[in-house]
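Subject: Structure handover

Hello,

Here is the structure you are taking over. The notes on what was found in it follow below.

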Amino acid sequence: MGSSLSNLNDGATNDSSTGPSLGDIPESCIAAVFMNLTPPEICNLAGLNRSFRGAASSDFVWEKKLPPNYQDLLDLLPPERVLGLSKKDIFAVLSRPIPFDDDNKELWIDRVTGRVCMAVSARGMAITGIEDRRYWNWIPTNESRFHVVAYLQQIWWFEVDGTVTFHLPPGIYSLSFRIHLGGFGKKSGRRVCNYEHTHGWDLKPVRFSLSTSDGQEASCEYYLDDVKREEAHGHHKRGFWIDYKVGEFVVTGSEPSTEIKWSMKQIDCTHSKGGLCVDSVFINPIGDLKDYRTKSFCEIS
């Protein structure tokens, strides 16, 4: 055992009695292996010896881990922030959120897959009645990546719309709303929820939809508050952030840029509804084009 462990070195003291060590592997061969590993795996192996560290810092390796449109993400940053950076450092910069559109939207790349992700704050969407404090309020909170959510007290016409245009790299994407039933806060250091305004979401479903500039569409409906159904299935929505999946869309090329529109609405004016927090919309990559199979975008709930 001791002899085997001693071979995991840089090979500087290697002789015929100990045999080859990891330090004898050419850096180019290690880099070729790293091409098939994820960024976290590469970083974990970088500490083995000098050859592994060198390969783990190679632009040749990290160029392949970056999305094909990474320059579009860099264009959102001040030029001096990325000047002279290696591809590994560029990957590290892009794996952190990049705000744009008055800080109401964020882009970043997934640290494992290198795919582009996006989030849009409630402030970056058009919300019916948002300017009237009788209906809506902005609530600061650390539970949102944007540090603020829109809280609905009561309204008859409920509608939230959004749009974004960007050169997304080819792939399959999913769009979802992040929503919370009821208000929340802290009391004696503990998170507490209140549902004094929560009503109307069990009477009619909320309709979600999305469309893209190349003609793709998806829609679905959810009852946001159905206590009887939740108890029957053991699921409880109140008090938790819930991600409501709207649907999926496919990007086949980065040019031209893709425009995505989405909406969430319950405009049946026969009853009021309220007691709801709207945080953000997430656009996440879920697969490569080779994984694409023709299917329905969303099942009606």
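A search of the whole structure, which is a predicted model, finds 0 disulfides. A disulfide is a covalent bond between the sulfur atoms of two cysteines. A pair would have to lie within 2.5 Å to count as a disulfide. Cys277 is buried, because its relative accessible area is 2%, and the limit for that class is under 20%. Cys117 is also buried, with a relative accessible area of 5%.

On confidence: the chain averages a pLDDT of 87, and 85% of the residues score at least 70. Where pLDDT is low, the predicted coordinates should not be read in detail.

Next, Arg145. This residue sits in the loop that links strand 5 (136–140) to strand 6 (148–152). Arg145 is classed as partly exposed because its relative accessible area, 30%, falls between the limits of 20% and 50%. Leaving aside residues up to four places away in sequence, Arg145 touches Pro97, Glu106, Trp108, Ala119 and Phe282. With Glu106 there is a polar contact, side chain to side chain, at 2.8 Å. Ala119 is 26 residues from Arg145 in sequence, while their C-alpha atoms are 8.9 Å apart in space.

Asn69 is another loop residue, placed between helix 5 (59–65) and helix 6 (70–74). Is Asn69 buried or exposed? Asn69 is buried, with a relative accessible area of 5%. Its side chain reaches the backbone oxygen of His167 at 2.5 Å.

Then the backbone. Most residues other than glycine have a negative phi, and most peptide bonds are trans. Asp103 is not a glycine, yet its phi is positive, at about 65°. Asp103 belongs to the loop between strand 1 (98–100) and strand 2 (105–109), and its relative accessible area of 52% makes it exposed. Ser188 likewise has a positive phi, near 55°, in a residue other than glycine. The loop that holds Ser188 runs between strand 9 (183–187) and strand 10 (190–194). Ser188 is exposed, with a relative accessible area of 75%.

Rolling a probe the size of a water molecule over the atoms shows where empty space is left. The count comes to 1 cavity of 30 Å³ or more. The largest cavity holds about 40 Å³ of space. Which residues line the largest cavity? The lining consists of Ile179, His180, Leu181, Leu224, Lys237, Phe240, Ile242, Tyr244 and Leu276. Strand 8 (171–181) and strand 13 (241–251) each supply at least two residues of that lining. Strand 8 contributes the largest share, with 3 residues.

Regards

Conventions: Residues numbered from 1 in each chain as written. Predicted model: local features only at pLDDT ≥ 70, side-chain atom pairs only at ≥ 80, totals over all residues. Heavy atoms only, no water. Helix = DSSP H or I, 4+ residues; strand = E, 2+ residues; numbered from the N terminus. Buried < 20%, exposed > 50% of the residue type's maximum accessible area, 1.4 Å probe, protein only. Contact = heavy atoms within 4.5 Å. Polar contact = N/O pair within 3.5 Å; in protein donor to acceptor, adjacent residues only side chain to side chain. pLDDT = per-residue confidence, 0-100. 1 Å grid on protein atoms, 1.4 Å probe; cavity = no way out; pocket = protein on both sides within 12 Å on 5 of 7 lines; lining within 4 Å. Points joined across faces, edges and corners; volume = space filled by probe spheres on them.
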